Amino acid sequence: MKKTTLLASTILFALCFTNCEEKTYFKEIVSEKNVSITKIRFPKKGEDLVVTIPIEFALYLNNFPNIWYVGIYYEKDNRLCSDIDDYLMIESENDKVILSLDEFQYPNYPNSIYLVERKIKISKKDAQKLIEKYNPKTAVENIKSIDDTIPLVSYKKFREDNPKFIEELRRIPDSITFVIQNRKEKNPVQIKEKINW
């Protein structure tokens with residue numbers, strides 16, 4: 001009798017654990033993509049510069065065959081950002097700009113994407129310091145339009161070298177929200193995660 005009760009308890013626990021296990025759709029990873037300096041998209045002054053930082057996410061969407069819609073919402077400094085104007089979404093494998101994850105369907109979702117924040121302003125002086133440190137063969141004066149970009153170093157390395165800069169990014173928590181609609185579920189799943197910069 002004890003063996004039967006123990007076996008039943010074990011099976012019940014295993015079923016509960018399997019059913020209660022939270023689904024993982026995405027996970028933030030520290031990117032190896034480059035941090036860069038470029039000109040802001042709509043400069044107010046001739047020297048408005050920005051540092052572009054890749055926020056990368058591993059995607060596990062291909063593990064869920066019933067997904068038919070995926071929306072992404074990026075919030076920075078308590079403000080919902082606009083794709084294209086405020087950030088770009090890029091496929092990690094080929095660095096191709098993605099307008100929406102609805103360009104894909106199961107089982108062809110990318111394995112990872114990264115967002116490039118386009119409005120983190122940086123002074124000309126601070127930009128020049130970073131350029132001298134990471135890409136000394138060029139200069140801030142070479143940035144004349146938004147098409148001119150000076151790569152610095154991988155975000156992973158940049159993060160290690162510039163803790164004060166990262167602390168400032170973390171001062172007001174930023175977040176990413178995935179809205180996922182499955183064919184077999186009436187309501188979409190909304191998953192909001194803090195960005196760990």
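The largest pocket of this predicted model has a volume of about 360 Å³. A pocket is an open set of points on a 1 Å grid over the protein atoms alone, with protein on both sides within 12 Å along at least five of seven lines, and lining residues have an atom within 4 Å of a point. Its volume is the space filled by probe spheres set on the points. Of its 16 lining residues, Thr 38, Thr 52, Leu 88, Val 116 and Thr 149 are the closest to the centre. Strand β2 gives the largest share of this lining, 4 residues; strands are DSSP runs of E with at least two residues, and helices are runs of H or I with at least four.

The second largest pocket has a volume of about 190 Å³. Helix α4 (residues 163-170) contributes the largest share of its lining, 3 residues. Among the lining residues are Lys 76, Phe 165 and Arg 171.

Strand β12 runs antiparallel to β5 (residues 67-76), joined by 8 bridges; strands pair if DSSP finds at least two bridges between them. Ile 72 has Phe 178 as its bridge partner in β12.

Residues are numbered from 1 along each chain as its sequence is written. Local features need pLDDT of at least 70, side-chain atom pairs count only at pLDDT 80 or more, totals for chains, interfaces and linings use all residues, and side-chain values use heavy atoms, with hydrogens and water left out.

Definitions and conventions
1 Å grid on protein atoms, 1.4 Å probe; cavity = no way out; pocket = protein on both sides within 12 Å on 5 of 7 lines; lining within 4 Å.
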